[in-house]
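Here are some notes to read alongside the model, written for someone opening it for the first time. Take the points in order, with the viewer at hand.

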Amino acid sequence: MWPLIRKDLLRRRARPASTLVMVAFPLFMSLALGSVIGGGGDGPEFPTISILVENRDEDGFLSRALVGALSSPQSEGYLEATIVGAEGRELMEMGKASALLIIPVGFTAAILDGTAAELRIVRNPSEGIKPEIVVQGAELVAAWLDQGSRLLGGELGQLRGMIEGGKIPPAARVGALAGAVTERMAAADGILFPPVVGIGSAKEATDEDDGRLSAKGIFGYVLLMTSVMALLFVAVRSVTDLFEEQNSGMLRRQFTSPQPVWRIMTAKFLFSLTLGLVVMTILAIFGLALGWLEVPEHPLAAILLGVTFNLAACSLVALIVGLSRNEKQAGILSWLIVMGMSAMGGSMVPLQQLPAGMRAVSDFTLNFWVIDGLTRVMFESAGLGEVGRNLAVLTVAGLVLAVAADALLVRRFREVGA
Amino acid sequence: MTPVLEVRDLRKVFGDLVAVDGISFAVGEGEIYGFLGPNGAGKTTTISMICGLLKPTEGEVLVQGLSVADDPRAVKRRMGVVPQEVALYEELSARANLEFWGGIFDLRGKEMKDRVAELLDQVGLDERASEPVKNFSGGMKRRLNLAMGLVHDPQLILLDEPTVGIDPQARHKILEIVKQIVAKGRTVLYTTHYLEEAEDLCDRLAIIDNGCILAEGSVDELKAQLGEGSLLTVQGGFGAADLTTAASGVSGLQPVEIADGRGMLLVGRDGPGVSHALEGLFQAGLTFDDISIKEPNLEDLFLRLTGRELRD
């Protein structure tokens with residue numbers, strides 16, 4: 001069988017373009033996405049957004065609360081707020097921050113009075129996504145303040161009186177105000193809370209994800225995600241090489257040799273598996289050399305995940321080819337399935353950020369099982385035992401699909417002899 | 001002696017189409033057996049059944065006494081197939097192509113190296129053995145295509161139109177190689193629709209059309225089926241019936257193929273001769289625009305057997 005596999009490897013070496021594209025794709029995507037988000041090879045890599053805050057409403061309690069929230073420990077690691085004065089614009093011109101947030105004079109009063117209030121943001125034009133994040137965040141704050149002002153206008157007025165009165169208010173007055181606020185909130189529960197709670201949940205998911213990324217690097221994570229998709233395309237390219245051989249007459253010619261059809265098909269399958277492992281190894285070497293990945297604590301777990309994923313990927317593509325009536329159909333089906341699995345399995349969007357509907361079907365994709373497993377092995381020091389389920393799913397899927405695919409390929413291509 | 005190749009009542013039906021209809025023949029050691037017929041006659045289908053690519057609807061193929069149906073792997077080891085289309089890996093070198101093919105016939109090490117070198121020399125590609133095949137001319141590819149079928153030194157070689165689409169020089173080279181193979185005692189089944197090749201190369205020939213063997217024998221035996229003499233071909237404004245009637249009145253003149261405006265007649269060697277025959281036809285009132293006289297060949301026999309020309 002070796003001459004059959006060797007021949008395909010030699011052919012791939014003689015025409016390396018498609019393989020190089022598959023290697024370059026994840027590297028490029030990692031570089032592009034990582035750079036856009038602002039990660040780096042050293043230190044904390046999740047983007048820390050630097051923001052300057054010029055609070056011209058120094059006496060307003062809402063503006064002070066906003067400044068305090070921006071400087072809170074919860075935002076540490078991804079938001080760095082610096083209180084500035086009039087020199088804010090000058091610092092922005094020097095590119096010292098992603099954005100300058102200006103809280104205008106009378107901001108608190110305007111909110112409490114229910115009149116128009118404006119938060120001004122000066123963006124750093126040399127940055128892309130970070131200032132946009134600040135703008136989006138500010139819009140969220142504005143929405144909250146707007147809703148709060150509309151809902152609690154009267155009560156907030158009373159609160160201002162208490163705060164600005166300079167005396168400690170009577171406990172009974174505070175209690176009455178608290179009761180009134182509670183009643184208002186309860187009355188608005190169905191309208192106000194769902195979106196607020198929704199935002200809060202999304203924030204929590206992001207925080208969890210950020211923690212993982214800041215520890216090990218967003219480049220490595222994106223490389224892992226996109227490599228899985230690239231390996232699926234490598235499998236498609238190598239298994240569908242059968243059609244190329246069919247068109248060139250070489251497949252028919254091979255059938256005149258003493259090699260049985262099943263062996264020719266199995267050799268093509270093993271070639272695809274070998275090529276996938278070669279590409280995977282190259283990507284891993286690049287990832288390590290560039291500092292995007294670190295050698296995991298349990299390398300065997302990572303290797304086994306890679307091998308079983310490649311097995312399952314090649315088997316799946318072989319099955320598709322075996323079921324297809326012709327080359328065109330096989331190409332379209334393979335592409336749709338690879339793209340679908342990549343979208344739902346975490347190769348395009350991190351698993352934690354997938355919408356709930358898509359996340360529900362992730363378990364049915366090969367991408368999910370390998371990305372989930374590798375993420376834990378590479379970034380959380382998980383060992384074989386912790387990714388045993390992932391390995392089992394990929395192995396069983398690979399073996400079952402391989403047996404079915406080989407039988408279908410033999411049946412599908414035996415007709416080539418006719 | 002057991003023939004190297006024996007085909008018995010071979011038949012292949014695709015739906016309503018009978019592609020091969022009960023063919024039988026045998027080829028001995030060191031013999032070149034030709035399959036001469038137009039495109040679509042059933043030559044490639046027959047080859048496909050012999051080499052095990054197609055399962056016959058009926059009949060049997062034996063190679064050195066082994067049945068293709070019962071023992072395909074053993075038969076395939078004894079057989080080299082050179083397909084009609086050039087089937088090579090264009091991105092690989094000539095040497096890599098031959099090594100791959102040798103590899104799947106279990107050649108290894110020095111045996112492989114020596115055999116590949118010998119073949120590259122034989123087909124005249126030794127100086128360009130390391131170049132990708134995509135850089136080769138059509139003739140070079142044809143020669144390599146032939147060499148691929150010989151790499152495991154098979155006893156029986158099936159050559160399916162190996163000279164299609166190449167220049168005369170390259171064709172001559174390929175025919176020379178085939179003769180060298182046979183000189184080593186190998187057996188060749190050679191399909192072609194080129195008359196000159198069949199006449200030049202084959203020890204025996206089968207003329208095939210519509211899946212049937214119409215005639216079989218050596219070139220001389222087949223020509224003899226037309227009779228001894230010269231072929232007189234006439235063209236003009238006459239009808240087929242007029243020429244038939246006129247020819248029947250001329251002694252020593254046999255109709256071979258007659259149609260409106262065209263006729264082929266055999267002037268017997270022992271008869272009164274061509275001039276006498278023409279005089280008889282003129283006297284019958286026929287006039288001709290064109291007259292030609294030649295020795296009969298296989299094309300004429302094919303025309304007589306099928307009513308159409310070989311290249312129709």
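Predicted model: local features only at pLDDT ≥ 70, side-chain atom pairs only at ≥ 80, totals over all residues.

1. Please turn next to a pair in chain B. Which residue does B:Glu58 meet in a salt bridge? The partner is B:Arg11, and the N to O distance is 3.8 Å. This pair links distant parts of the chain, 47 residues apart: B:Glu58 lies in strand β4 (residues 58-63) of chain B and B:Arg11 in strand β1 (residues 5-14) of chain B. B:Glu58 is partly exposed at a relative accessible area of 45%, and B:Arg11 is also in the partly exposed class, with 24% relative accessibility.

2. Another chain B pair is worth a look. B:Arg128 and B:Glu131 form a salt bridge whose closest N and O atoms are 2.9 Å apart. B:Arg128 has a relative accessible area of 31%, which makes it partly exposed. B:Glu131 is partly exposed too, with a value of 26%.

3. Side chains of opposite charge can pair when their charged atoms come close. Over all chains, a search of the whole structure finds 33 salt bridges. Salt bridges that share partners join one network made up of A:Lys7, A:Asp8, A:Arg11, A:Arg15, A:Arg237, A:Asp241, A:Glu244, A:Glu245, A:Lys268 and B:Glu91.

4. How many salt bridges are counted between chain A and chain B? The count is 2. A salt bridge joins the side chains of A:Arg11 and B:Glu91, at 2.9 Å from N to O. Polar contacts between chain A and chain B come to 12 residue pairs, both residues being at pLDDT 80 or more.

5. The largest share, 7 residues, comes from α1(A). Sorted by class, this side of chain A holds 9 nonpolar, 7 polar and 9 charged residues.

6. Now for the extent of the contact. Chain A brings 25 residues to it and chain B brings 29 residues. About 2,300 Å² is buried between chain A and chain B, and carbon and sulfur atoms give 63% of that area. A:Arg253, A:Thr256 and A:Pro258 supply 32% of the area that chain A buries against chain B, more than any other three residues.

7. Helix α3 (residues 94-104) of chain B deserves a close look. Of its 11 residues, 9 are buried, so the helix is mostly covered. The buried residues of α3(B) are B:Ala94, B:Ala96, B:Asn97, B:Leu98, B:Phe100, B:Trp101, B:Gly102, B:Gly103 and B:Ile104. What do they pack against? They pack against α1 and α12 of chain A, together with α4 (109-122) and α5 (138-150) of chain B. B:Asp106, which follows α3(B), has a positive phi near 70 degrees.

8. B:Ser48 sits in helix α1 (residues 43-50) of chain B. Is B:Ser48 buried or exposed? B:Ser48 is buried, with a relative accessible area of 3%. Leaving aside residues up to four places away in sequence, B:Ser48 touches A:Arg252, B:Leu53 and B:Leu54.

9. Finally, here is chain A as a whole. Its secondary structure comes to 18 helices and 4 strands. Chain A has 418 residues, and 46% of them are buried. Its accessible surface is about 19,800 Å², with 64% belonging to carbon and sulfur atoms. Among chain A contacts between residues at least 6 apart in sequence, 76% join residues at least 24 apart.

Key:
Residues numbered from 1 in each chain as written. Chains lettered and ligands numbered in written order. Heavy atoms only, no water. Contact = heavy atoms within 4.5 Å. Buried area = accessible area lost by both parts, 1.4 Å probe. Salt bridge = Lys/Arg side-chain N within 4 Å of Asp/Glu carboxyl O. Polar contact = N/O pair within 3.5 Å; in protein donor to acceptor, adjacent residues only side chain to side chain. Helix = DSSP H or I, 4+ residues; strand = E, 2+ residues; numbered from the N terminus. Nonpolar A, V, L, I, M, F, W, Y, C, P; charged D, E, K, R; others polar. Buried < 20%, exposed > 50% of the residue type's maximum accessible area, 1.4 Å probe, protein only. Areas by Shrake-Rupley, 256 points an atom, 1.4 Å probe, with all protein chains shown as cover.
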